[in-house]
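Take a moment to look over the fold before reading on. The paragraphs below go through it piece by piece.

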Amino acid sequence: MTDIEKLIDGVIAREGGYVDHPADRGGPTRFGITETVARAGGYAGAIRHLPRSMAETLYRTRYWRTPGIDRVARRAPVLAAELFDGGVNMGPAVVIGFLQRALNALNRGGADYPEVARDGLIGAGTLAALDAFLRQRGAGSEAVLVKAVQALRGERYIALAEQRPANEAFLYGWLAHRVGVRA
């Protein structure tokens with residue numbers, strides 16, 4: 001199983017401490033946690049003083065357990081790492097939607113398993129499709145699914161930069177440090 005603590009350490013290392021980039025619509029962050037997310041998690045202090053332990057708790061709950069990525073990790077730990085990192089950066093529902101899209105595109109017209117709802121939620125249908133995909137396609141199938149999710153992430157980052165030129169300030173870093181699995 002994926003070691004969530006290593007994944008959290010990796011995200012915090014990439015995100016750094018307190019950051020307040022003028023082009024970032026999310027506003028100031030600490031350890032990659034926005035003020036909005038910190039407030040939703042019960043933190044009332046200044047974001048620049050958010051304790052690392054609180055950031056770790058938020059990552060563990062909001063980006064790992066609540067969206068169900070922990071359940072993916074039991075089946076496909078490398079995929080789970082990609083979903084976790086993507087969920088931190090663009091929201092769990094978005095990256096889970098990428099997984100669902102990829103599963104639907106890879107089901108050989110429904111011959112391997114039924115289409116899953118593209119609802120951004122890891123439920124019984126998504127997990128059943130994932131299990132069937134891994135079983136049907138065998139060795140190497142997890143790596144292919146990870147590549148599909150990475151491709152969709154990369155496309156989204158480029159589209160974000162095209163739609164809002166201020167996002168070009170982040171595009172190189174997104175592609176260099178966010179598209180790809182990290183431990």
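The crossing of α6 and α8 is right-handed. A crossing counts as right-handed if the near helix is turned clockwise from the far one by less than a right angle, and as left-handed if anticlockwise. Helices here are DSSP runs (H or I, at least four residues), strands are runs of E with at least two, and both are numbered from the N terminus.

This is a predicted model, in which local features need pLDDT of at least 70 and side-chain atom pairs count only at pLDDT 80 or more, while totals for chains, interfaces and linings use all residues. Residues are numbered from 1 along each chain as its sequence is written, and side-chain values use heavy atoms, with hydrogens and water left out.

Two packed helices are described by the angle between their axes and the distance between the axes. For α6 and α8 the angle is about 125°, and the axes are 9 Å apart. That makes α6 oblique to α8. Axes are lines fitted to C-alpha atoms, for helices over the stretch in contact, and angles run from 0 to 180 degrees between N-to-C directions. Angles under 35 degrees count as roughly parallel, over 145 as roughly antiparallel, 65 to 115 as roughly perpendicular, and the rest as oblique.

Which residues of α6 and α8 meet? From α6 come V94, V95, F98, L99, R101, A102 and L103. From α8 come L145, A148, V149, L152, R153 and R156. Contact means heavy atoms within 4.5 Å. By class, this contact of α6 with α8 has 10 nonpolar, no polar and 3 charged residues. Ala, Val, Leu, Ile, Met, Phe, Trp, Tyr, Cys and Pro count as nonpolar, Asp, Glu, Lys and Arg as charged, and the others, Gly among them, as polar.

Helix α8 (residues 141-163) also holds G154. G154 is buried, at 10% relative accessible area. Buried means under 20%, exposed over 50%, and partly exposed in between (1.4 Å probe, protein chains only). Beyond its neighbours within four places in sequence, G154 is in contact with L175 and V179. The C-alpha atoms of G154 and L175 are separated by 6.5 Å, although the two lie 21 residues apart along the chain.

Now turn to α1 (residues 4-15) and α5 (residues 77-90). Their axes come within 11 Å and cross at roughly 40°. That makes α1 oblique to α5. This crossing is right-handed. I4, L7, I8, V11, R14 and E15 in α1 meet A81, F84, D85, V88 and N89 in α5. The contact of α1 with α5 divides into 7 nonpolar, 1 polar and 3 charged residues.

F84 leads on to the core. The largest nonpolar core has 54 residues, and Y59, L79 and F84 touch the most other members. Helix α5 gives the most to this core, with 7 residues. Such a core is a set of buried Ala, Val, Leu, Ile, Met, Phe, Trp, Tyr and Cys residues joined through side-chain atoms within 4.5 Å. Leaving aside neighbours within four places in sequence, F84 contacts I4, L7, I8, V11, Y59, Y63, W64 and I69.

Helix α3 (residues 52-65) contains E56. Is E56 buried or exposed? E56 is buried, with a relative accessible area of 18%. Not counting residues up to four places away in sequence, E56 touches I8, D9 and I12.

F31 is found between β2 (29-30) and β3 (33-34). Its phi is near 60°, a positive value in a residue other than glycine. F31 is buried, at 10% relative accessible area. R108 sits in the loop between α6 (92-105) and α7 (124-137). Phi of R108 is near 50°, again positive in a residue other than glycine. At 46% relative accessibility, R108 is partly exposed.
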